[in-house]
Amino acid sequence: MKSEVVKNRSGQKAPAFDRYIGIDYSGAEVISASLKGLRVYQADRESQPIEVHPPPSPRKYWTRQGLAEWLVERLSEDRTTLVGIDHAFSFPLRYFEVHHIPPDWSVFLADFQRHWPTDRDNTYVDFIRNGTCGNAEARSGNPRWRRLTEIRTGTAKSVFHFDVPGSVAKSTHAGLPWLRYLRLKLGVGVHFWPFDGWEVPDGRSVVAEAYPALWSRTFLREGRTADQHDAFSVAAWLRRADLDGTLAEFFKPEMNPPERAIARVEGWILGVK
């Protein structure tokens with residue numbers, strides 16, 4: 001990142017971000033459902049992550065729609081913010097090839113939302129899977145297809161591997177249309193990494209894919225539920241990596257040029273080298 005070269009008076013590299021948000025996502029139910037598994041933690045340079053609750057309403061927990069609207073508000077503020085969301089941002093290259101989709105993230109998001117309109121009212125992911133609505137048959141994938149970043153972790157499951165413990169498939173299929181929503185609302189003011197480039201412009205907020213399992217064991221649980229701890233761990237690691245100067249290297253994972261070209265299409269988990 002360009003801002004990594006800025007140093008404070010002690011000679012240590014200055015942090016690139018003012019605020020860090022970790023999100024443990026959920027693909028359950030519908031967009032207006034209050035979801036216990038949808039958790040948000042926020043930190044800044046001075047303070048450790050604390051849980052952010054939704055605005056007062058009859059709903060106790062976040063809804064996917066409410067979270068997306070809240071993120072638009074936060075990312076529109078004049079504070080450089082790094083957001084890590086626990087679901088995949090794109091699909092394996094094989095999916096693009098089979099369905100003849102240009103290797104362009106904006107095109108992919110629009111095409112996906114047309115076939116998997118999981119951002120519509122009263123629409124469960126499973127409704128589209130079983131053919132009640134949408135057109136999943138025209139845009140399905142194979143659980144054997146995996147992205148390079150998933151292979152690199154050694155543990156992350158395929159985005160098409162539904163109905164198994166630790167699966168990210170449902171949250172990914174529910175979350176992708178909301179990434180499109182964020183992109184349309186925020187425009188060039190926010191950098192969606194790495195689709196907008198591996199280099200992050202100076203002073204730009206960033207939205208990136210996170211995988212809590214990479215770091216959750218390095219932080220004490222302290223009474224948090226599994227979902228709370230995953231969101232906490234994302235925010236805490238983002239903050240720690242920025243403050244200790246190691247974040248910049250994670251924005252430039254080690255790979256050869258062909259791998260880098262594929263990863264620009266498939267996306268990459270921030271924190272995987």
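**Exercise 1.** How many cavities of 30 Å³ or more does a search of the whole structure find?

*Solution.* The structure is a predicted model, in which local features need pLDDT of at least 70, side-chain atom pairs count only at pLDDT 80 or more, and totals for chains, interfaces and linings use all residues. Residues are numbered from 1 along each chain as its sequence is written, and side-chain values use heavy atoms, with hydrogens and water left out. The search finds three cavities; a cavity is a set of points, on a 1 Å grid over the protein atoms alone, where a 1.4 Å probe fits but cannot get out.

**Exercise 2.** Describe the second largest cavity by volume, lining and class.

*Solution.* Step one: its volume is about 70 Å³, taken as the space filled by probe spheres set on the points, which are joined across faces, edges and corners. Step two: its lining residues (an atom within 4 Å of a point) include Tyr25, Arg64, Ile85, His87 and Trp178. Two or more lining residues come from each of α1 (64-75) and α6 (169-186); helices are DSSP runs of H or I with at least four residues, strands runs of E with at least two, numbered from the N terminus. Step three: eight lining residues are nonpolar (Ala, Val, Leu, Ile, Met, Phe, Trp, Tyr, Cys, Pro), two polar (the others, Gly among them) and one charged (Asp, Glu, Lys, Arg).

**Exercise 3.** Which residue in β6 stands opposite Val83?

*Solution.* Strands β4 (residues 81-85) and β6 (residues 205-209) pair in the parallel sense over four bridges; pairing requires at least two DSSP bridges. Val207 in β6 stands opposite Val83.

Technical notes
On a 1 Å grid over the protein atoms alone, a cavity is a set of points where a 1.4 Å probe fits but cannot get out, and a pocket is an open set with protein on both sides within 12 Å along at least five of seven lines; lining residues have an atom within 4 Å of a point.
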